[in-house]
Structure formats: C-alpha cells, structure tokens
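Open the model in your viewer and keep the selection panel at hand.

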Amino acid sequence: MITFYESDHALSEYLLFHYGQRKEVLPFKDGPATALDYPARCVRCFAERIGYREGFRALDLGCSVGRASFELARQCGEVLGVDNSERFIECAQRLQSEGAVAYRYAEQGSYTREAVAEVPPDIDRGRVRFELGDAMFLRPELGTFDVALLANLIDRLPEPSRCLSRLPNLIKPEGYVVITSPYTWLETYTPRENWLDEAPPTDGSFLPPAPLCRLMEPHFGLQQVTDLPFLIREHARKYQWSVAQVTLWKRRSDPINTTESMAAD
Ligand SMILES: C[S@@+](CC[C@H](N)C(=O)[O-])C[C@H]1O[C@@H](n2cnc3c(N)ncnc32)[C@H](O)[C@@H]1O
C-alpha cells in the first residue's frame, strides 16, 4: 500500500502549499489570507530571538518538498532537509538543482491545472541539501546544528518521543529547536499510547502539552509559544484551515534532572 506522503496527490498538494502563489491557492476575495506562506512564517516567527546567522547549520526535519529549508538558507550558511518520503525528497532535490518544478494541482473532479513551483530566485540554493531519512532513526554522522525546525512533524510519527530524544545530541549548547504542530493525533500515524496529548487549557493560557514539555525540558528551556495558522488547499473550493502551536526551545548548557520552570532562560 502506498503511504499518503508517497502519493501523487500529496506531492501536488504540498507543492502548492509550499510554493503556490496567492492567486493559485486562494483566488477568492474573502478567506484566511494570513494563513498563506506557512513554511516561510515558520522560519520567520522566532527569527529575532534565534538570531539566524551565516555561520548557522540548520536542520529541517520532515522537510517535505523543502520550502522551509530554502527559507532558512536566506540567513543560514548550511541547511539540511530530511524527510522519509522518497517522492518529496526527489522533488526537493530537483528544486535545489533546477530551481523550479512543473506540476499539476487539483481543481474540480477530474480537472487539474498546470503550475510551476519555483524557489524564490534571491535564495542561494547552493546552501541547501536534502536527504532521505527517518526522523526517529537519524544517521549518527549528521553532526550538530545551531537550529532545528520540526514543522508539523511530531503528530505524523509513530514514536514522536524517539525523534525528540535525539535532539539533545543534534543541537549545539544554546542552540534552538522550533516545533510547530496542530497536534492532530491520529492512530493512522501514531499509536494512541504514543500521543503527546493533553486536554487543551480552557483558561486561555498558551502552555504546550505536558507530555511534550516532559520530553523536552531536561535538555531544553521553553522560550516562546505562539499560534500559526496555515491553509492547505484540497481543491478549488475545499481547504483545511488549521492553527499550529509553535514552541521555541533553547538547548541548556547542562541538562537538568527534574521538571523546572518553563519560563524563558
Ligand atoms: C504534515 S507534513 C509537514 C511537512 C512540512 N514540514 C510542512 O510543514 O509543510 C509531515 C512531513 O513529515 C514527513 N515524515 C513523516 N514521517 C517521517 C519520518 N519518520 N521521518 C522523516 N519524515 C517523516 C512526511 O513525509 C511529510 O513530509
């Protein structure tokens, strides 16, 4: 059975999600325009706090067709995008080498429309590399990074804790991890016992789910939390509008043993 992220359907949906122009994704006057350009906003949202620099090595885990990896390359000298979908990685590698890829996206019923996904020409594609890999079993030689982005990945992993437990060895002391997730836990992807879920707070507070904090806190201090809406177009008149929670974590110089304050370091 072909998994969703290896399908034609997913490839075209994610090319449009990452590279589609406003007139292609949301040609209506009304609509949630602030939810467009999600990969770029994932990179920008804590940029000031992170202080991206030329000397940075950045990791984009679950990079899909690579837009956030290219956006990271605006400021970071070296970016590695990793995904376990062969279709996505092949496509991201073509975008890296050629700068553009032609594709078709769904319009209505059996009708599709031609489009071209293009890496913004002001981005130095030479800074970016993509490789196939499993975020839960990353190869040991990846080295260390100043910043890692896990955008909408954790709720698509069978064992999110296995991926998160690798981060302390991947991130340099004082380095950052950005985790975005709408926490759409589904048994199709993650057995229920591995969900990092918790009843959302009803008092308007912004704290991330406790099981996520318990895994991150020994090695990372929570710095900032925000909400980031995103829009995935299914066809001309059907969309998924979701709101990811974005958490920014800073690698502690020394791990702590117990759950400490989640306030900024
Ligand atoms: C919901 S998509 C998010 C993609 C992209 N980060 C974004 O925000 O648009 C989840 C991505 O994680 C990838 N993925 C799922 N399981 C993975 C794993 N075990 N290792 C690496 N990537 C994985 C999928 O192929 C897909 O590209």
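A residue counts as near a molecule if its C-beta atom, placed from the backbone, lies within 6 Å of it. Select the ligand on that basis: 18 residues surround it, and the closest are Tyr5, Gly62, Ser64, Ala135 and Ala151.

Two notes before moving on. This is a predicted model: local features need pLDDT of at least 70, side-chain atom pairs count only at pLDDT 80 or more, and totals for chains, interfaces and linings use all residues. Residue numbers start from 1 along each chain as its sequence is written.

Now show the strands (DSSP E runs of at least two residues, numbered from the N terminus). Strands pair if DSSP finds at least two bridges between them. An open, mixed sheet of 7 strands runs S5-S2-S1-S6-S7-S9-S8.

Zoom in on S1 (residues 57-61) and S6 (residues 145-151): they run parallel, joined by 4 bridges. Asp60 stands opposite Leu149 of S6.

Stay on Leu149. Beyond neighbours within four places in sequence, Leu149 is in contact with Cys42, Val43, Asp60, Leu61, Ala68, Leu72 and Val178. Contact means C-beta atoms, placed from the backbone, within 7 Å.

How values were computed. Contact = placed C-beta atoms within 7 Å.
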